[in-house]
Amino acid sequence: MAATGNEKQGAKAYYVSTPIYYVNDAPHLGHAYTTVAGDVLTRWHRQRGEKVWYLTGTDEHGQKIMRTAEANGVSPQQWADKLVTEAWEPLWEHLEIANDDFIRTTQKRHTDRVQEFVQDLYDKGEIYKGGYEGPYCVGCEEYKLPGELLDGEGEYAGQKICAIHKKPVEILSEENYFFKLSAYGDKLLAHYEANPGFIQPESARNEVLNFVRQGLQDLSISRSTFDWGIPIPWDDKHVIYVWVDALLNYATAVGYNENQEKFEATFPADVHLVGKDILRFHAVIWPAMLMAQGLPLPGRIAANGWLMVGGEKMSKSNLTGIKPQDLTSHFGVDAYRWYFLRAIAFGQDGSFSWEDFAARYTSELANDYGNLASRVAAMVGKYFDGALPAATADGGAEKALHDGLAKAVTEADRKIGEELDFQGGILAVFDFVKQVNGYITEQEPWKVAKDDSPEGKARLATILYTAAESLRGLAVLLNPVMPDTSQKLWDSLGAEASLGSLADQKVQEAGDWGRLPAGTTVTKGAVLFPRLEEKPTA
Ligand code: ME8
């Protein structure tokens, strides 16, 4: 495989971001879904040997956070500090998220730069003062168009409600500053046209195209009825609209107006991962803000679909009682990271159910993959005292596995690394797991072991080497998805001594057959995927 440009010294980092999440509540399965996807994507690129920057963080200003803090009797800053240190950061650590930075929008490194950015736009004549009256959803932190609202029912009968939050909107009337967003419609359409991969998936791209083709309105970028935000630098009776503040994290976190070298080596993002709910902010407002400032646009806005539980979108108001930790304590962190990307096609909605997770865990992880690893290690122990024998009798069956591994590497690299088709990539790897299992079933090493002839011994050695070398490839390919389990397998193959650390194994070389040298010490390590306990009762 050709070296990518990113391997060059000093090249721009492959930069991936998650949304910065609101700190009005603790993280749930939906937030973890986007963040794990970004982690797997960035770990994949690191495994290619590329320079990578993975950013996540929290969105701490605005009315929503202010009201939650008030309801809890603390200041918004105290509330944000508590949630970040007690809920958000610990969850990402628990899920083995290898982010390079964590930005909080209340940090000075962010607030100062946001003020400079907005002042600059004002000086350039991109911002003007005007008045606005309209329905506002605090849940979305967004003015709504009348056509986007639903009629309330039950306790909200007679009121207009937000289609996403199902709560009444408030009619706000304010004197605000406006960004001339309407001037960017044609430029945005031209950019979408010239860059068909800019918005992913296709359904998201179409939604944005239709929205922009209808004509854009100027965007209110300040609020004056509360003060929990970054002051407008030239008029401190106003705070900057929380979405303008939040979107700028992608620039301020990587050195905008502060560390030019870092900024140029990182910005713009290659991929902004977002949920469908915040697609327009990222695919319309954010690029228009960058155009207005003459900054380069991101490579791709990739929208994930909804994680559904019991037929409804998983949300803060609909937690259905399941926390990420409830699942990891039962299934383990690695299986958790694997499950959602394996079970749901990225970009589409998908349902979570405990039963589905348990069934896939048992059949695909424990039986297909985990058992394969432990059987191979046990046989090398039993027949060769744990010293990996050399393959001296390769034939057609072995050749098929050499090809199978190379194919899994190429497909997974394209699907996960380029297309963000995590499900397709994982399936390509697990097809290879099936192929190796089929090989062992057909070759019946336990029968070959009874043949004491030199040919029999050579055959047995070849079968077990082939299986172990296949596992070497699997450990590398699954490392971005399941790092702990891959490390256990790497240790059990005794690979570290001859090949070095797992993190240093390049994806590009994972399909080169014969990397694991004969003679390594294979041990039957810890069970990769232990049998599940009974489902805990709520
Ligand atoms: O919107 N399924 O923050 P937020 C899949 N602060 N993904 C889900 C999900 C679900 N059921 N529920 C949430 C904000 N998500 C802003 C972002 S960015 C400059 C500012 C994920 O806390 C998904 O990525 O409401 C969604 O876009 C995000 O969480 C919303 O998080």
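Which cysteine sulfur is closest to the sulfur of Cys162, and how far away is it? In this predicted model the closest is the sulfur of Cys137, at 3.7 Å, which is too far for a bond. The sulfur of Cys140 has its closest cysteine sulfur in Cys162, at 3.8 Å, again too far for a bond. Because a disulfide is defined as a pair of cysteine sulfur atoms within 2.5 Å, the structure holds 0 disulfides. Cys162, with a relative accessibility of 1%, counts as buried, and Cys140 is likewise buried, with a relative accessible area of 9%; buried here means under 20% relative accessible area, exposed over 50%, and partly exposed in between, as computed with a 1.4 Å probe on protein chains only.

Residues are numbered from 1 along each chain as its sequence is written, and side-chain values use heavy atoms, with hydrogens and water left out. Since the model is predicted, local features need pLDDT of at least 70 and side-chain atom pairs count only at pLDDT 80 or more, while totals for chains, interfaces and linings use all residues. The mean pLDDT (the predictor's confidence in each residue, from 0 to 100) of the chain is 95, and 96% of its residues reach 70 or more. Over residues 1-9, however, pLDDT stays under 50, and the model has 12 contacts beyond four places in sequence for this segment, a contact being defined by heavy atoms within 4.5 Å. Where pLDDT is low, the predicted coordinates should not be read in detail.

Two helix pairs were examined, with helices (H or I, at least four residues) and strands (E, at least two) taken as DSSP runs numbered from the N terminus. Helix α13 (residues 354-384) packs with helix α17 (residues 454-478) at an angle of about 140 degrees, their axes lying 10 Å apart; axes are lines fitted to C-alpha atoms, for helices over the stretch in contact, and angles run from 0 to 180 degrees between N-to-C directions. The residues that make this contact include Tyr369, Leu372 and Val376 of α13 and Lys457, Leu460 and Leu464 of α17. By class, the contact of α13 with α17 has 17 nonpolar, no polar and 1 charged residue, where Ala, Val, Leu, Ile, Met, Phe, Trp, Tyr, Cys and Pro count as nonpolar, Asp, Glu, Lys and Arg as charged, and the others, Gly among them, as polar. In the second pair, helix α11 (residues 324-331) and helix α12 (residues 333-343) pack at about 115 degrees, with their axes 7 Å apart. Pro324, Leu327, Thr328 and Phe331 of α11 meet Val333, Ala335, Tyr336 and Phe340 of α12, a contact of 7 nonpolar, 1 polar and no charged residues.

The peptide bond from Gln200 to Pro201 is cis, with omega near 0 degrees, and Pro201 lies in the loop between β9 (199-200) and α6. A cis peptide bond also joins Phe267 and Pro268, the latter placed between α9 (260-266) and β14 (271-275). Phi is near 55 degrees, a positive value in a residue other than glycine, at Glu141, which is buried at 1% relative accessible area. Lys166 also has phi near 55 degrees but is partly exposed, at 47%. Gln217, in the loop between α6 (202-213) and β10 (219-220), touches Tyr132, Leu145, Leu181 and Ser182, not counting residues up to four places away in sequence.
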